[in-house]
Amino acid sequence: MSNQNFKDFWDEVLNNIHQEYISNNNSIEFDLWYGRINYIEDSNSELTVSFPSEFMFNQLNTKGYIQNIKDRIKVLCSMDVTIKPVYNNEILKENLNKSIESENILKKENFSNDKQEIPESNVECNTQNIPVERKKHPQLKEEYTFERFVVGENNEYAYSASVAVSKEPGKKYNPLLIYGETGLGKTHLMQSIGNFLYNNPPEGKVNPQICYTNLDNLLNEFTKSLRDKTMERFTKKYRNLDVLLIDDIQFLSKKEGLQNELFYTFEALSQKNAQMVFTCDKHISELKDVEARLISRFSQGNAVDLQSPNYETRKAILEKKSQEQGISISEEIIDLIAKSIKSNVRELEGCLNKVIGYAELTKKPLSVDLAKKLLVDNIKTGTDETVTIDTILKVVCNYYNITIADIKGTARNPKFAMPRHIAVYLSRKMTDRTFTEIAGELGGRDHTTIMNSNKKIESILQTDESMNDTIEIIKNKIRDYKKI
């Protein structure tokens, strides 16, 4: 420890920043960015500070928030300081175990009439007091809660924004749009918001009117109302809500009548500061055949995306799910599933349930070999787990007849830029490396640039069959390259 008490300076700086956010009626933003970082210790002029993850640290650094803290500390003590980050990834696993143990203890003690609260923690899975004993909302799944959502680099921002909405609905991030591919947790986060608000009503709302539906059901209800001439009842139902949650709005395409009704519902709910949350399989700007005025309304709040989970997050999900079901699965089998299923949380859980189901039915011990046989249809032969970014770069460069220096360079010429985007996309899909790590391998670019490259290829793949063919050809060359 140093003789200089930097802890006092740290506290004063964070308090001053907090007050500035409060005065600007923006306390949610403070909670989102600063609320989960904690001073640990200092040595000379180096401050050790904990962050939820490397991703969050990089976000704070990119936005200049880290430098802002350092500059303010210098004003107070006339010293330049450095900040050494440590990450809470390991604490995540410990918190999952504690959360499950706490729930089991409460159930045994049978506190059926009291709302017992889980203590606050600065770890992602449990950042707020959430009642264990809950009321059941008729449209929401009870298991979709924040403490059951496993947080990783791929979903941290979406999780934080969802928690912020739950704390102060209708004030910030309204509407909240959660987008990403199937099976990554969009519905889980959306319904977690609904469940939290149903059991923790905002001030002045004893029984908040919360409605969850998906676009298909909404369309059927809308059509039936037109047919039965009950549109007034339909309109009254949706325009008097406190919270509106709609899944899969990508299916609004070409539904002109429903789009028009949803626009006016949007306007009515906005005027009363009712919270709206939507999910979509792509960013709202990519939707086709949806009215511009409706796209504009969807875009006026905050859009947060979910990416495929990395290896550590996949493993944490599997461990939590097995613990919740009271089944002991060996580390080797957990590792097998986590390394084999990379893109979809739903498929990940499906494989785990298949293994657990077999164990429960046969009462036989599970081995890795047996798990491989059970999951033969799910586990792809010749997995990509040994692929390296170096291999990907070499193969992509050979395919496009360019050099490693070209692909790592800064030239924006399409001759180099497109191969660079493809290399990023394949590095994300075929390895467990984070965006930050991929950025380091590609000349030290900012990780947000890498994320944009990945999204660019994902967007092209949705409409361009030739790009799909190109990606498959390069993937096969990468796999063949490993055998050489």
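Predicted model: local features only at pLDDT ≥ 70, side-chain atom pairs only at ≥ 80, totals over all residues.
**Entry 1: the chain as a whole**

I began with contacts, meaning heavy atoms within 4.5 Å: residues 24 or more positions apart account for 74% of the contacts in the chain with a separation of 6 or more. Residues are numbered from 1 along each chain as its sequence is written, and side-chain values use heavy atoms, with hydrogens and water left out.

I then looked up the secondary structure and found 21 helices and 8 strands. These are DSSP runs numbered from the N terminus, with helices as H or I of at least four residues and strands as E of at least two. Of the 484 residues, 49% are buried. Here buried is under 20% relative accessible area, exposed is over 50% and partly exposed is in between, with a 1.4 Å probe and protein chains only.

**Entry 2: the cavity**

Next I went looking for empty space. Rolling a probe the size of a water molecule over the atoms shows where such space is left. On a 1 Å grid over the protein atoms alone, a cavity is a set of points where a 1.4 Å probe fits but cannot get out; a pocket is an open set with protein on both sides within 12 Å along at least five of seven lines, and lining residues have an atom within 4 Å of a point. Grid points are joined across faces, edges and corners, and a volume is the space filled by probe spheres set on the points.

I found 1 cavity of 30 Å³ or more, and the largest cavity has a volume of about 60 Å³. Its lining includes Leu218, Phe234, Tyr238 and Glu261. Two or more lining residues come from each of α9 (231–239), β6 (243–247) and α10 (256–271), and α10 gives the most, with 4.

I followed up Thr265, one of the lining residues, which is found in α10. Thr265 counts as buried because its relative accessibility is 5%. Beyond its neighbours within four places in sequence, Thr265 is in contact with Tyr238, Arg239 and Leu244.

Of its 30 lining residues, Tyr144, Gly185, His188, Val345 and Glu349 are the closest to its centre. The helices α7 (186–199), α12 (311–324) and α14 (345–362) each give two or more residues to this lining.

I checked the peptide bonds and noted that the one from Asn174 to Pro175 is cis, with omega near 5°. Pro175 lies in the loop between α6 (156–167) and β4 (176–180).

Lys229 has a positive phi of about 55° although it is not a glycine. I placed Lys229 in the loop between α8 (215–228) and α9, and Lys229 counts as exposed because its relative accessibility is 77%.

Asp248 also has a positive phi, near 65°. Asp248 sits in the loop between β6 and α10, and at 26% relative accessibility Asp248 counts as partly exposed.
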